[in-house]
Amino acid sequence: MNENIMEVHRITNAIRELIKLCGDDPDRDGLQETPFRVLKAFLEYTEGYQEDPRLHLEKTFDIHQKGLILIKDIEFYSMCEHHFAPFYGVAHVGYIPREKITGLSKIARVVDGYAKRFQVQERLTTQIAAAMDEILEPKGTFVIIEAKHMCMCSRGAKKSDALTTTTSISGVFEERAELRAEFLSLIKS
Ligand code: ZN
């Protein structure tokens with residue numbers, strides 16, 4: 001048998017075992033195709049591993065913009081690495097360029113590339129900021145992520161409205177409170 005087919009078989013079997021452990025019958029109608037669907041879904045949730053998200057930022061523009069550039073409310077979906085439960089929300093990414101500026105859609109792709117992995121929100125935040133700092137070399141970067149964690153909503157503490165906020169700042173944003181205030185007021189407006 002082809003090696004890939006063997007691999008798929010091994011994994012779908014494991015998912016069948018998990019279904020049994022939870023107390024259901026993997027051979028009943030609605031669940032027969034589920035192990036294969038779960039396998040495909042996991043490959044989609046984690047397709048960020050197939051790319052280096054930093055590369056999206058390599059295409060830069062030579063526009064002279066001195067002030068803050070903010071892309072807010074970038075939607076993302078990620079997977080908590082501790083429970084394999086989704087967490088999702090929005091990222092706000094701001095930077096003050098030195099020379100290089102990138103397209104707004106590229107920043108959304110960076111967020112997506114790091115979100116589609118097994119993640120924790122803190123690391124997602126710092127990875128986005130580090131990519132901005134490394135490739136665009138701005139005067140400063142400010143990233144805020146606000147997310148809901150299904151593992152907090154549906155199990156354990158069951159706090160369904162809890163919103164987790166994480167931030168990462170660098171450069172002039174660390175040094176100058178008025179720039180942080182500008183960023184925060186733009187996010188709220
Ligand atoms: Zn979790």
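Close-up 1. A salt bridge here is a side-chain nitrogen of Lys or Arg within 4 Å of a carboxyl oxygen of Asp or Glu. Helices (H or I, at least four residues) and strands (E, at least two) are DSSP runs, numbered from the N terminus. E17 counts as partly exposed because its relative accessibility is 45%. K20 counts as partly exposed too, at 42%. The classes are buried, under 20% relative accessible area, exposed, over 50%, and partly exposed in between (1.4 Å probe, protein chains only). A search of the whole structure finds 11 salt bridges.

Residues are numbered from 1 along each chain as its sequence is written, and side-chain values use heavy atoms, with hydrogens and water left out. Because the model is predicted, local features need pLDDT of at least 70 and side-chain atom pairs count only at pLDDT 80 or more, whereas totals for chains, interfaces and linings use all residues.

**Close-up 2. K116 and E47 meet in a salt bridge between two loops.** The N to O distance is 3.5 Å. The pair links distant parts of the chain, 69 residues apart. K116 is in the loop between α3 (104-115) and β5 (118-119). E47 is in the loop between α2 (34-45) and β1 (60-61). K116 has 22% relative accessibility, so it counts as partly exposed. E47, at 40%, counts as partly exposed. D112 joins E47 and K116 in a network of salt bridges.

**Close-up 3. E81 forms a salt bridge with R123.** Their closest N and O atoms are 3.1 Å apart. This pair also links distant parts of the chain, 42 residues apart. E81 is in the loop between β2 (69-80) and β3 (86-96), while R123 is in helix α4 (residues 121-136). E81 is partly exposed, at 30% relative accessibility. R123 is partly exposed, with a relative accessible area of 30%.

**Close-up 4. C80, H83 and C151 are the protein donors of the zinc ion.** The donor atoms are SG of C80, ND1 of H83 and SG of C151. They lie 2.1 to 2.2 Å from the ion. Donors are N, O and S atoms within 2.8 Å of the metal (3.2 Å for Na, K and Ca); water is not among the atoms, so sites may look incomplete. Along the chain, the donors follow the spacing C-x2-H-x67-C. H83 is in the loop between β2 and β3, and C151 is in helix α5 (residues 150-153), 68 residues apart. H83 is partly exposed, at 38% relative accessible area. C151 is buried, at 8%.

**Close-up 5. Five strands form an open sheet with mixed pairing.** The order is β5-β2-β3-β6-β7. Strands β5 and β7 (164-169) are the edges, each pairing on one side only. Two strands pair if DSSP finds at least two bridges between them. β2 and β5 run parallel and are joined by two bridges. C80 stands opposite Q119 in β5.
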